[in-house]
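User: I have a model open and would like to go through it with you before I rely on any part of it. Could you take me through the confidence, the core and the charged pairs?

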Amino acid sequence: MSHSVQLYSPFFRIFPLLSAPVMVKTGHLIDQKGVISLVSVHVRDNNVEQALRALKKKMQREGIFREMKMRRDFEKPSAKRKREKAEAVRRWRKVERKRRDREG
């Protein structure tokens, strides 16, 4: 028997930190950009620990923990621009490195 667990009460308190999403009754999250995402896990055979591990992995992949850490404190606009530019450079270098590896 399998149950579906969706992010409600204990996790809902952390979501106001994440670009002010709105909780909809179905368990969907709508952020400021209008993107709808559903984060849910299935509990199989009453194995809650396994479901929590799966939930943590999903949240890690979605970048929720990193987003929460970044939004914990106020970030000055100048520091935000600097960080975003550094992230863009890092992404560009990664793409170039992969392209060079493919080409030889």
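Analyst: We can start with confidence, then turn to the nonpolar core, a helix and the salt bridges.

User: What is the mean pLDDT of the protein?

Analyst: This is a predicted model, and the mean pLDDT of the protein is 76, with 64% of its residues reaching 70 or more.

User: Which elements have the lowest and the highest mean pLDDT?

Analyst: Strand β2, residues 22-23, has the lowest mean pLDDT among the elements, at 40, whereas helix α4, residues 77-103, has the highest, at 95. The pLDDT is below 50 over residues 5-27, although this stretch has 48 contacts in the model beyond near neighbours in sequence.

User: Switching to the inside, which residues make up the largest nonpolar core?

Analyst: That core has eight residues in all, namely Val39, Val41, Val43, Ala51, Leu55, Met59, Ile64 and Met68. At least two of its residues come from each of β5 (40-44), α2 (48-62) and α3 (64-71), and α2 supplies the largest share, with three. In soluble globular proteins, nonpolar side chains tend to be buried together.

User: Back to α4, what span should its residues have?

Analyst: With 27 residues at 1.5 Å a residue, α4 should span 39 Å, and because its end C-alpha atoms are 39 Å apart, the model agrees with that expectation. After α4 comes glycine 104, which has a positive phi near 105°.

User: And how many salt bridges does the structure hold?

Analyst: The structure holds five salt bridges. In one of them, arginine 71 pairs with glutamate 67, their closest N and O atoms being 2.5 Å apart. These two residues are four apart in helix α3, so they are separated by about one helical turn.

User: Which salt bridges does arginine 99 form?

Analyst: The side chain of arginine 99 meets that of glutamate 96 in a salt bridge of 2.6 Å, N to O, and arginine 99 also forms a salt bridge with glutamate 103, where the closest N and O atoms are 3.1 Å apart. Glutamate 103 and arginine 99 both lie in helix α4, four residues apart, about one turn of the helix. As for accessibility, glutamate 103 counts as exposed at 58%, arginine 99 as partly exposed at 31%, and glutamate 96 as buried at 18%.

Key: Residues numbered from 1 in each chain as written. Predicted model: local features only at pLDDT ≥ 70, side-chain atom pairs only at ≥ 80, totals over all residues. Heavy atoms only, no water. pLDDT = per-residue confidence, 0-100. Contact = heavy atoms within 4.5 Å. Core = buried A, V, L, I, M, F, W, Y, C linked by side-chain atoms within 4.5 Å. Buried < 20%, exposed > 50% of the residue type's maximum accessible area, 1.4 Å probe, protein only. Expected span 1.5 Å × (residues − 1). Salt bridge = Lys/Arg side-chain N within 4 Å of Asp/Glu carboxyl O.
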